[in-house]
Each structure stands twice: as structure tokens, then as C-alpha cells.
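I am opening a notebook page on a structure that is new to me. My plan is to look up the chain as a whole and then one pair of packed elements.

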Amino acid sequence: MGSLFGLMFGLGLVLIWRAGRGAPRRVRISSRPRGGPSRLLAEAGFARVTPGRLVAGCMATGAVGFVVALAVSHAVVLAVGFGGIAGWAPVGWLQHRRRQRSVERRQLWPDAVDNLASAVRAGMGLAEALGQLADRGPEPLRPAFAGFAEDYRATGRFGDCLDRLKAELADPVADRLIESLRITREVGGSDIGRLLRTLSQFLRDDARTRAELETRQGWTVNAARLAVAAPWILLALLSLRPATAAAYDSSAGVAVLAIGATVCLLAYRLMLRIARLPVDQRVLQ
């Protein structure tokens, strides 16, 4: 009997020790840096990819672009230029993925908020209402809410689970929704159903207006992008001729390429700034 008691006591100590070790790990996940590459990766849907891997990927694509351009043109200057463009390609793809993901989620959030409001109106607790979105919510959002449900069942810490959910979603609408639920949980409130219905209607109106504006200006933005890319496409075609490529492999060629790259970059940034629509900022991180 004493041996059994000692075994159970030791097993309890081991479980307590393992539970204590697990808590800091969750805090580290929810407190990842929110700026720069980490934020870009999170908002593009790759929160588990480290900035170091992104840098390594950029270096790899840049090296491949440099080698291919050097093999084709035999001009170091052109190879460096196209290697730089290839090295920026992963970042550009992530930015495109972030914009695409934002547009997709803008259409999904009204249904998710309506689902949550229905669950609250049916008498579910906030944690249970969030967890049921793993089964009844929009398909692309289900994995994040499934992770929240598992996290809450394992720990029972509502605030920490909300932090991890917010880091996983990395969305300004999710930030506002989660902080509203946190305040409701901490201080109480009987108007959460009305708040959720108002938020759902606001999100639908905003998505409809933004879609109309983006459709109208889409052809202008695409034409501007083509205008910026056209000189470099032409340069890539001309570099197939050894005589043309050799002309750029000089100090004058370097100056021409540097001036052209600067003008294209400034024009592209100016175009983006003029055509940019107001976007929600994640001020509640």
C-alpha cells in the first residue's frame, strides 16, 4: 500500500512539473515579434515560418537568379540586377498572399460573427461559442478556432487562449472581436449580442464598398504594374544578345541600370501610394 501511494505521489509530481514547463511555451508563441518579417509572415498565413527561413529563401532565389542570368548574358552587372529581382520575389509573393488573404477573409468574417452571435443568443458561454466555430464557421477560419478549442480544453485560461488565437489569425477584425470578447468576459455585459450583430452589418457594408472600389481601380493598377515591368522584360530579352549584354557590363551601363531601377522603384511606390485604399491597422495587437 505504501509503494502504491509513493508511486501515485511521484506521478503527480511529474505531471505538475510537466504542466509548469508547458506554460512558458505558450507565452512565447503569443508574444512573437509583431513587426517586420514576422508580421508579414503571420499576415500571409505562415506564422510558423521564422524570419531566418525567409531570409534564407530570398538568398537562395537571388543566387539562382544570378547564376541563370550570368549563364545567359555573361554580364555580371545584368546578373546582379536580375539576381536582386529574384531575391525580392519571395517577399513580393508574401505581400501578394497577404493582400489575397485579406480580401478572402473580408468576405468570411460577417458569417463568422453571425455564427458567434447566434451561439451567444442560444446561451453558450464565450469560450464554447468560439470553439463551435471550428465546426460551424467558415472553412478557412476553422483551423484557428479548432486550435483555440483544444488550447482552452487543455489549459482553461481564456485570456491566454485568446492571445494565441489572435496571433494565429493576425487580422484587424479578429483583433477587435477578440478584445471585445475579452472585455465582456472580464467585466461582464449584456449587449454582446447587439455588438456582434452591429459588427457583422458593418463588415458586410465595408466589404461591399471596398470590392466596388477595388474593381474600378484594378485595371489602372495592373496597367501601371505592366508599365513598370515592361523595361525589365525588354532588358531580359535584349540580354540574350552578347553584344547588347556586353554594353551594360561597364560603368556607363551600371549608371543606366541604377538610374532606371531608381526611377521604376519610385514610380511604383508612388503609384501604390496614390491607388492605396484605407486599410484597417492592427492597433489592438
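I began with the contacts of the protein chain in this predicted model: among those between residues at least 6 apart in sequence, 64% join residues at least 24 apart.

Next I looked up the secondary structure, and I found twelve helices and zero strands in the protein chain. Reading along the sequence, I noted the pattern α-α-α-α-α-α-α-α-α-α-α-α.

I then turned to burial and surface. Of the 285 residues of the protein chain, 32% count as buried, and the accessible surface comes to about 17,400 Å², with 65% of that area belonging to carbon and sulfur atoms.

For the pair of elements, I kept in mind that two packed helices are described by the angle between their axes and by the distance between the axes.

Which residues make the contact between helix 2 and helix 4? On helix 2, I listed Leu40, Leu41, Ala42 and Glu43, and on helix 4, I listed Val91, Leu94, Gln95, Arg98 and Arg101.

Definitions and conventions. Residues are numbered from 1 along each chain as its sequence is written. This is a predicted model: local features need pLDDT of at least 70, side-chain atom pairs count only at pLDDT 80 or more; totals for chains, interfaces and linings use all residues. Side-chain values use heavy atoms; hydrogens and water are left out. Contact means heavy atoms within 4.5 Å. Helices (H or I, at least four residues) and strands (E, at least two) are DSSP runs, numbered from the N terminus. Buried means under 20% relative accessible area, exposed over 50%, partly exposed in between (1.4 Å probe, protein chains only). Accessible areas come from the Shrake-Rupley method with a 1.4 Å probe; for residues, only the protein chains shown count as cover.
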